[in-house]
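Q: I am new to this structure and would like to go through it step by step. Could we begin with the ligand and then turn to one residue?

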Amino acid sequence: MSILSFDNVSYQYPSEDFDIIDRLSFSVEPGSFHCIIGISGCGKSTIFRMTNGLLKPKAGNISVNGSPITGQNHYCGYMPQKDMLFPWRTIGENLALPLEIQRRYTKSEQRELIDAALADVGLDGCRDKRPDELSGGMRQRAAFARTMLTGSDLLLLDEPFSALDFLTRISMQEWLLDQWQRHKKTILFITHDVEEAVFLSSSVLVVEKTPIHTLREIPVPMDYPRTRQDLTRPDIVELREQLVDMLRKQVTE
Ligand SMILES: Nc1ncnc2c1ncn2[C@@H]1O[C@H](COP(=O)(O)OP(=O)(O)O)[C@@H](O)[C@H]1O
Ligand SMILES: [Mg+2]
């Protein structure tokens, strides 16, 4: 069964006179890693905002694990582009948020889960720091740890690394693949960086046109674990150029 499926989903922003998402259908298999690429403003984040329930589709159905999302709670973890850590809360208090919302854990259980999550992302010892005491990469790892603490199998990551410098970004990509493989999550990841999409994805979902009616699935023929060296393979270089062409065509049309 698909972990996520869109069935003829449409969405129109109230201030617009057209459907930015137009009868979109697609599905995602459990355990996969897909990047969604498309030019800026084409509607990628809108797909996430409907998946997490922030926006309600005008028509169509969205299901997670075979059931409609309306009526389900905590079925996905969402990480927006800005890390959205509350500056006045410590890192530990920020990570406590999804646990407080779930109302399932005692204070001491929360503390154990938070310490384990911080250790897992290499931030042991940062629990009592405030977000502005961490580097950009560390803040994104903390935000990711918070997303993991939602306990959901489906993670929606919206351009999480786009504000990071190049070297931090590529080490975060390797780090994320390692997290994904160890925790067996399903990840949907929005980016406009084609190389990032190729490095991470089992297959790339390309937005070729706005309004979004389909996502074109392009498989990436590389095994995991991957190294950056794999990106220099001639077939992978060609794939990357093919994706760049698909996006560029949209800009010039
Ligand atoms: N709240 C809103 N009201 C009206 N239009 C919006 C709103 N949010 C986004 N849009 C428009 O919808 C389009 C898609 O937005 P978005 O999904 O954020 O694009 P992407 O993530 O692909 O860059 C954009 O052209 C944007 O201007
Ligand atoms: Mg966006």
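Q: How far is an oxygen atom of ligand 1 from an N or O atom in the side chain of T46?
A: The distance is 2.5 Å. This is a predicted model, in which local features need pLDDT of at least 70 and side-chain atom pairs count only at pLDDT 80 or more, while totals for chains, interfaces and linings use all residues. Residues are numbered from 1 along each chain as its sequence is written, ligands are numbered from 1 and chains lettered from A in the order in which they are written, and side-chain values use heavy atoms, with hydrogens and water left out.

Q: Where does a polar side-chain atom of R49 lie relative to an oxygen atom of ligand 1?
A: The R49 atom lies 3.2 Å from that oxygen. For G43, a backbone N or O atom is 3.0 Å from an oxygen atom of ligand 1.

Q: How many residues surround ligand 1?
A: There are 13 (each with a heavy atom within 4 Å of the ligand), and the closest are G41, G43, K44, S45 and T46.

Q: Changing topic, where is E100 found?
A: E100 belongs to helix α2, residues 91-102 (a DSSP run of H or I, at least four residues).

Q: Is E100 buried, exposed or partly exposed?
A: E100 is partly exposed, because its relative accessible area is 32%, and that class lies between buried, under 20%, and exposed, over 50% (1.4 Å probe, protein chains only).

Q: Which residues is E100 in contact with, leaving aside neighbours within four places in sequence?
A: They are R89, K107 and Q110, where contact means heavy atoms within 4.5 Å. E100 and Q110 are ten residues apart in sequence, with their C-alpha atoms 8.3 Å apart.

Conventions. A polar contact is a pair of N or O atoms within 3.5 Å; within protein, one must be able to donate a hydrogen and the other to accept it, and residues adjacent in sequence count only if both atoms are side-chain atoms. Helices (H or I, at least four residues) and strands (E, at least two) are DSSP runs, numbered from the N terminus.
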